[in-house]
Amino acid sequence: MHICYIIAMEAEAKPFILRFGMKETEKYFSPLPCRLFQYKDTALNSTLSIVTLGRQHERDLVGCEAASVATLAAIERLKPDLIINSGTCGGWKRKGAEIGKVYVADSVMFHDRRIPGDDEWGTQGLGNYSVWKRSTDIATKLGVEMGRVTTGSSLDLQPCDEVIIEREGGELKDMEGAAVAFVCSLLNVPILLIKSVTDLCDDSAPTLESFLKNLKIASENLSEANASLLKLLL
Ligand code: ADE
């Protein structure tokens, strides 16, 4: 089995890369900025790949465009059996979220693509992509809750986005999940999303400072959860 993780930021991927002693294949996707780290277990006949989005303007790339490019390149070049989008997200205290809490997604959609017109345009805008059918079973075995992930292009939360998130029952807010799922839906590759909370949207507004402060703990919790997840899958 070939499992390919799509992880936005190096800080989110680092504990995981270190834990598995993964090696980078330099410039594998060149000239695209995304980076490939791999670990091959010949005994188990399995390959684990991590694709990070790379950097531009002296910062790790985040967001839907970079996530789509990386996912497309990863699927075309690596032909994985499963894509896992692992990363951080915002949550809501009143919906049970806590800093560092890990979730598996039960569904994923966009929250900031308002396309006026008919139902079909609205449906395309919001996406609503399916997750891997084993997601529920995996969440149960990992002992983590499931949540509805909604994706947008901004770290902050605008009132017009909140209207859609509330209407659609969104619980976890990220910047890549639906973009990764969109590409997977086009290419018929199953996707599982695993997320950890770095900020609480109904506590104080997410700032870069609060995000960075919580990034380390969320990434470590994700790394633990991913290690258990891989034990289940491989
Ligand atoms: N990633 C971590 N926190 C986030 C938030 N509040 N919104 C979008 N993406 C995030």
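This is a predicted model: local features need pLDDT of at least 70, side-chain atom pairs count only at pLDDT 80 or more; totals for chains, interfaces and linings use all residues.
**Helix packing**

Two packed helices are described by the angle between their axes and the distance between the axes.

| Helix pair | Axis separation | Crossing angle |
|---|---|---|
| Helix 1 (residues 10-19) and helix 7 (residues 208-233) | within 8 Å | roughly 45° |
| Helix 2 (residues 64-78) and helix 6 (residues 177-187) | within 8 Å | roughly 35° |
| Helix 4 and helix 7 | 10 Å | about 120° |

**Helix 1 against helix 7**

Start with helix 1 and helix 7. Their axes cross at roughly 45°, so the two helices are oblique to each other. The crossing is right-handed. Helix 1 contributes Ala11, Glu12, Pro15, Phe16 and Arg19 to the contact. Helix 7 answers with Leu215, Ser219, Glu220, Ser223, Glu224, Asn226, Ala227 and Leu230. By class, the residues of this contact are six nonpolar, three polar and four charged.

Helix 4 spans residues 135-142, and its buried residues are Ser135, Ile138 and Ala139. They cover an arc of only 100° around the axis, so they sit on the same side of helix 4. An α-helix has 3.6 residues a turn, so residues three or four places apart point the same way. On the other side of helix 4, Thr140 and Lys141 are exposed.

What do the buried residues of helix 4 pack against? Their partners are strand 8 (102-110), strand 9 (145-151), strand 11 (191-200) and helix 7.

The pairing with helix 7 can be described in detail. The axes of helix 4 and helix 7 lie 10 Å apart, at an angle of about 120°. That angle makes helix 4 oblique to helix 7. Helix 4 passes helix 7 in a right-handed crossing. On the helix 4 side, the contact uses Ile138, Lys141 and Leu142. On the helix 7 side, it uses Ala225, Ser228, Leu229, Leu232 and Leu233. The classes here are six nonpolar, one polar and one charged.

After helix 4 comes Gly143, with a positive phi near 70°.

**Helix 2 against helix 6**

The axes of helix 2 and helix 6 come within 8 Å. The crossing of this pair is right-handed. From helix 2, the contact draws on Cys64, Ala67, Ser68, Thr71, Leu72 and Ile75. From helix 6, it draws on Ala179, Val180, Val183, Cys184 and Leu187. Which classes make up this contact? It has nine nonpolar, two polar and no charged residues.

Helix 6 has these buried residues: Gly177, Ala178, Ala179, Val180, Ala181, Val183 and Cys184. Ala179, Val180, Val183 and Cys184 are buried and also belong to the contact with helix 2. Phe182 is found in helix 6 as well. Is Phe182 buried, partly exposed or exposed? Its relative accessible area is 35%, so Phe182 is partly exposed. Helix 6 is followed by Asn188, whose phi is positive, near 55°.

Ala66 is found in helix 2. Its relative accessible area is 14%, so Ala66 is buried. Leaving aside residues up to four places away in sequence, Ala66 touches Leu53 and Leu61. Leu234 is 168 residues from Ala66 in sequence, and their C-alpha atoms are 28 Å apart.

**Backbone details in loops**

Ser30 and Pro31 are joined by a cis peptide bond, with omega about 10°. Pro31 lies in the loop between strand 2 (23-25) and strand 3 (35-41).

Glu58 is not a glycine, but its phi is positive, about 60°. This residue sits in the loop between strand 5 (55-56) and strand 6 (59-60). Glu58 counts as exposed, because its relative accessibility is 64%.

Lys79 is not a glycine either, and its phi is positive at about 50°. Its place is the loop between helix 2 and strand 7 (82-91). Lys79 counts as exposed at 60% relative accessibility.

How values were computed
Residues are numbered from 1 along each chain as its sequence is written. Side-chain values use heavy atoms; hydrogens and water are left out. Axes are lines fitted to C-alpha atoms, for helices over the stretch in contact, and angles run from 0 to 180 degrees between N-to-C directions. Helices (H or I, at least four residues) and strands (E, at least two) are DSSP runs, numbered from the N terminus. Angles under 35 degrees count as roughly parallel, over 145 as roughly antiparallel, 65 to 115 as roughly perpendicular and the rest as oblique. A crossing is left-handed if the near helix is turned anticlockwise from the far one by less than a right angle, and right-handed if clockwise. Contact means heavy atoms within 4.5 Å. Ala, Val, Leu, Ile, Met, Phe, Trp, Tyr, Cys and Pro count as nonpolar, Asp, Glu, Lys and Arg as charged, and the others, Gly among them, as polar. Buried means under 20% relative accessible area, exposed over 50%, partly exposed in between (1.4 Å probe, protein chains only). The arc is that of the directions from the helix axis to the C-beta atoms.
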